[in-house]
Amino acid sequence: MDYQTYTDLGFNKLKKEDFDSVIVDSEMLLEEVTRHFYDPYFHSLKDDLNSDDAFLVYRATQYEKAIALQCEFEFESGLNSPVARADNDVKSISIGRTTIQSDGSGIAAVTYGNSGVVRSAISMLANTGLIYRGVDCR
C-alpha cells in the first residue's frame, strides 16, 4: 500500500512520513494473520481490486482498510515493531520494595491474540474469509 491509497480510502490521521514509518510492519502483520493470502504467489490484490466480481473487490478493499487501520494504531500506540510490542506487555515491575502490577489489559485488550493486530482491523476482515481457520472436510 502506498500513501495515496491510504488517503483514497478516506484515512487522513497520518502524514506521509508517519505512514512511511509504520507501513512495512503493518503489512507484514496483516499478511501473517491472513496467512499470506495476498502474497503475489497465491492471489493478486490488484486483480481483486479490478475484478468484475463485487465480493473480490470488497475483500481486497477491506484488506487495504485493515492495513490502514493497523498503520494508524501502530503510529498512535508507538508499537511498530516486535520489540516494542513485547516491551509493552510487562505485567509487573519492581523497584526496591515497590512493586507495580498491571491487570494485563493494556495492549492485549485492543489487539487480536498475540498477533499485534488491532481488533478493528480484524473486524474489517471478519466477513471476508481472510482470517478463516477452519478445516476442509471433504
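User: Before we start, what counts as a helix or a strand here?
Analyst: Helices are DSSP runs of H or I with at least four residues, strands are runs of E with at least two, and both are numbered from the N terminus. Keep in mind that this is a predicted model.

User: How much of the protein is buried?
Analyst: Of the 138 residues, 33% are buried.

User: And what about the surface, how big is that in Å²?
Analyst: The accessible surface comes to about 8800 Å², and 52% of that belongs to carbon and sulfur atoms.

User: Switching topic: how many aromatic pairs are there?
Analyst: The count is eight aromatic pairs. One of them is Tyr6 with Phe11, which is stacked, at 5.7 Å centre to centre and 25° between the planes.

User: Why do you give me both a distance and an angle?
Analyst: Because a pair of aromatic rings is described by the distance of the centres and the angle of the planes.

User: Are Tyr6 and Phe11 buried or exposed?
Analyst: Both Tyr6 and Phe11 are buried.

User: What about Tyr6 and Phe19, how do their rings sit?
Analyst: Tyr6 and Phe19 make a tilted pair, with 5.2 Å centre to centre and 40° between the planes. Tyr6 is in helix 1 (residues 3-8) and Phe19 is in helix 2 (residues 16-33), so the pair ties together parts that are 13 residues apart in sequence. Phe19 is buried, and so is Tyr6.

User: Which residues form one aromatic cluster?
Analyst: That cluster is made of Tyr3, Tyr6, Phe11 and Phe19.

User: New topic: where is Leu56?
Analyst: You'll find Leu56 in helix 4 (residues 54-77).

User: Why does Leu56 count as partly exposed?
Analyst: Because its relative accessibility is 22%, and partly exposed covers what lies between the buried cut-off, under 20%, and the exposed one, over 50%.

User: What is Leu56 in contact with, leaving aside neighbours within four places in sequence?
Analyst: With those neighbours set aside, Leu56 is in contact with Tyr38, Asp48 and Ser51.

User: And how does Leu56 sit relative to Thr128, what separates their C-alpha atoms?
Analyst: The C-alpha atoms of Leu56 and Thr128 are separated by 8.9 Å, while the two residues are 72 residues apart along the chain.

User: Last one: what share of the protein's contacts with a separation of 6 or more comes from residues 24 or more positions apart?
Analyst: Residues 24 or more positions apart account for 61% of those contacts.

Notes
Residues numbered from 1 in each chain as written. Predicted model: local features only at pLDDT ≥ 70, side-chain atom pairs only at ≥ 80, totals over all residues. Heavy atoms only, no water. Buried < 20%, exposed > 50% of the residue type's maximum accessible area, 1.4 Å probe, protein only. Contact = heavy atoms within 4.5 Å. Areas by Shrake-Rupley, 256 points an atom, 1.4 Å probe, with all protein chains shown as cover. Phe/Tyr/Trp six-rings, centres within 6.5 Å; stacked < 30°, edge-to-face > 60°.
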